[in-house]
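This report covers a pocket and a group of aromatic rings. The sequence and structure come first.

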Amino acid sequence: MPFELLFAALGSCVVGLFIGWCGVAGFLLPILFTSACGLPVTESLLLSFLCFAVSGIIGSWGYRRRGELPLRPALILSAGSLAGGLLGAALGGLLAADTVKVVLYVVVLLSGLAIAVRELRPQKKQQGDSFPKPLPLAALGFATALLCALSGAGGPVLVMPLLVAMGVPAKLAVGTALLDSVFIALPAVMVYGSRCASLASLAPVLLAAVLGHALGVFAGSVTAAHVPQSLLKRGVAAFSICFSLFMLLK
């Protein structure tokens, strides 16, 4: 138990730092909890989504203060994510643990590839806040939340690149995706929490993970201006691709 608590606290803090620095890496949390901490899939997903809710609240608050979180499109996106997150978590509970792990590793692989492509491809400067219309935006929220809640991936790593591809400026896309991750996490926490055998026995590691993650996200958001974000994102992408391929092919 002491090593489990240490891994949960330190690992969640490190992932939180990366989220605060560059907005991605949340999808590494389920891997941390299942592989390093040895927790069952359901408990790992519960802890992951609790951490996503914390990082989403802290991160979106900071972006809102800087004027980089437009509330109307963010709430439309989040409305679709509420429904998608609930359905994804419900479907995740019907699948075998090994199947959910395969889905997780595939999503991690795709997330790593998406980050790598975005970082290696020249980015065009964008003006204004050209969000999609409400219906496509809500549909995007539903589809990405469905996949995130099913696999345990963090919302921003999927939502942010898609919003940028639709013409949304990068900073607005990150702020919007962070708020959206809260609405993905909340229904998933309720569903996975109801399926945990004993929440009382999970309380110490849950507390360690959430506190460590909150500290990491806060520290990362404060120091983000001094950290080479592009280099970090490429490192996260390389690790994600290599690790997921290893787990899928072993």
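## The second largest pocket

Three helices, α1 (2–22), α2 (29–36) and α10 (229–249), each supply at least two residues of the lining of the second largest pocket. Helices are DSSP runs (H or I, at least four residues), numbered from the N terminus. The model is predicted: local features need pLDDT of at least 70, side-chain atom pairs count only at pLDDT 80 or more, and totals for chains, interfaces and linings use all residues. Residues are numbered from 1 along each chain as its sequence is written, and side-chain values use heavy atoms, without hydrogens and water.

The lining has 15 residues, of which Val14, Val15, Phe18, Leu28 and Phe239 lie nearest the pocket centre. α10 gives the most, with five residues.

## Aromatic rings

The structure holds two aromatic pairs. Rings of Phe, Tyr and Trp (its six-membered ring) pair if their centres lie within 6.5 Å; planes under 30 degrees apart count as stacked, over 60 as edge-to-face and the rest as tilted. Phe49 and Phe52 are edge-to-face, at 5.4 Å centre to centre and 85° between the planes. They are three residues apart in helix α3 (residues 41–65), so about one helical turn separates them.

Phe49 is buried at 1% relative accessibility (buried means under 20% relative accessible area, with a 1.4 Å probe and protein chains only). The rings of Phe49 and Tyr192 are stacked, because their centres are 6.0 Å apart and their planes at 5°. Phe49 lies in α3 and Tyr192 in α8 (residues 170–195), so this pair ties together parts 143 residues apart in sequence. Phe52 is buried too, at 4%. Ring pairs link Phe49, Phe52 and Tyr192 into a cluster.

Definitions and conventions: On a 1 Å grid over the protein atoms alone, a cavity is a set of points where a 1.4 Å probe fits but cannot get out, and a pocket is an open set with protein on both sides within 12 Å along at least five of seven lines; lining residues have an atom within 4 Å of a point. Buried means under 20% relative accessible area, exposed over 50%, partly exposed in between (1.4 Å probe, protein chains only).
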